Amino acid sequence: MAERVLVVGGTGRTGARLVDQLRQDPCYTVCVLARNRDKFDLLYRYDDEVELIEGDLTNITEWSSQLKGVSQVVTAVSCGMRTDPLVLLGLKKAPSKLPYEVDYQGVASLVRAAEASGVRRLVAVTTASAGSPFSPAAMFLNAACYFSVKWKFQGEQAIRQSSLDYVIIRPYALDDARDEAPSALGIETSQGKTDTARRWIPRESVATLCHEALRMPMGQRVTFECWATKDHQRRVSWETLQPDPKEGVPDVPHTLATGIGVGGSALVGAGALRMMTWGLSRLLRARRI
């Protein structure tokens, strides 16, 4: 009997690719969580086998009853909202559905609902920066997108602290391009620090990783980073991935790292402005002479 899989974010750029793969796999029946019915209809109106669940991660109580019968859940959502300085200064009301509400609270609510409904496993696509708060990418995205990487990490922690089996996939950077066949690229993985040069990974390849994760035996509870390479065509060796520590993954200081990054940038900017002012002052004095 085919397993019922829910794809959260199934109308997004990564989620839609996964749905396309699953709808061709007789082992699964697919339902998609989408808050925009028009977007769902645009993608799947001619496919009666893809079921729609209307809603999003900020209103789970309104649709959580439809998790009954779902065996596995894949979430590939990302808020990606740009930081408005006026909001930070208190001069403007904060918009709804910020990364805190979607990537952390929403994922945590999804975990609780999945546990209560008998879901066995959750596969989550996050970001490679989640475990590296002092990386330039993490500091930039946290500053530019309402601490989006911090809240993705906290969403991961909510998954790890649950009773669910899970696979957390952290892509280095997602590539929308379709001109290079993903099958021509190999995939590298890491579960720790690495100095290896990294390449953007096609969304199709990430969708394939999610598809493969659904087929893995239960008991994975694993987190890994991934990126594409032209050096070989090997895919992920799932049997070599190590499960997360039983005692849990320690929190990482995203707030501190971002504060240091923003503060350092401000100091550099102030220094550059001071040098420009000094240079302009000297030029004006020289002209007077």
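## First stop: a salt bridge

Select Asp 25 and Arg 215, which form a salt bridge whose closest N and O atoms are 2.5 Å apart. A salt bridge here is a side-chain nitrogen of Lys or Arg within 4 Å of a carboxyl oxygen of Asp or Glu. The two partners belong to distant parts of the chain, 190 residues apart: Asp 25 is in the loop between helix H1 (15-22) and strand S2 (28-34), and Arg 215 is in helix H7 (residues 203-215). Helices (H or I, at least four residues) and strands (E, at least two) are DSSP runs, numbered from the N terminus.

Buried means under 20% relative accessible area, exposed over 50%, and partly exposed in between (1.4 Å probe, protein chains only).

Before continuing, note that this is a predicted model, in which local features need pLDDT of at least 70 and side-chain atom pairs count only at pLDDT 80 or more, while totals for chains, interfaces and linings use all residues. Residues are numbered from 1 along each chain as its sequence is written, and side-chain values use heavy atoms, with hydrogens and water left out.

## Second stop: the whole chain

Display the entire protein chain as a cartoon. Its secondary structure comes to eight helices and 10 strands. Of its 289 residues, 45% count as buried. The chain exposes about 15700 Å², of which carbon and sulfur atoms supply 55%; accessible areas come from the Shrake-Rupley method with a 1.4 Å probe, and for residues only the protein chains shown count as cover.

Eight strands form an open sheet with mixed pairing, in the order S3-S2-S1-S4-S5-S6-S10-S8. Two strands pair if DSSP finds at least two bridges between them. Because S3 and S8 stand at the edges with a single partner strand each, one side of each is left without a neighbour in the sheet. From one strand to the next, the twist averages 25°. Angles run from 0 to 180 degrees between N-to-C directions, and axes are lines fitted to C-alpha atoms, for helices over the stretch in contact.

Zoom in on strand S4 (residues 72-75), which pairs with strand S1 (residues 3-8) in the parallel sense over four bridges. Leu 6 stands opposite Val 73 in S4, and Val 7 stands opposite Val 74. Strand S5 (residues 121-125) also runs parallel to S4 and is joined to S4 by four bridges; Arg 121 in S5 is the bridge partner of Gln 72.

Which way do the side chains of S4 point? Gln 72 and Val 74 point one way, Val 73 and Thr 75 point the other way, and all are buried. In a regular strand the side chains alternate between the two faces of the sheet.

H1 lies across S1, S2, S3 and S4, and runs at about 165° to S1. H2 lies across S2 and S3, and runs at about 175° to S3.

How many salt bridges does the model contain? The count comes to 18.

Select Glu 54 and Arg 37, whose closest N and O atoms are 3.0 Å apart in a salt bridge. Glu 54 lies in strand S3 (residues 50-54) and Arg 37 in helix H2 (residues 37-44), so this pair ties together parts that are 17 residues apart in sequence. Glu 54 is partly exposed, with a relative accessible area of 46%, and Arg 37 is partly exposed at 43%.

Select Arg 203 and Asp 176, a salt bridge with its closest N and O atoms 2.5 Å apart. Arg 203 lies in helix H7, and Asp 176 in the loop between strand S7 (174-175) and strand S8 (186-190), so the pair ties together parts that are 27 residues apart in sequence. Arg 203 is buried at 10% relative accessibility, whereas Asp 176 is partly exposed at 32%.

Finally, select Glu 156, Arg 160, Arg 170 and Asp 244, which are linked in a network of salt bridges.

Technical notes
Contact = heavy atoms within 4.5 Å.
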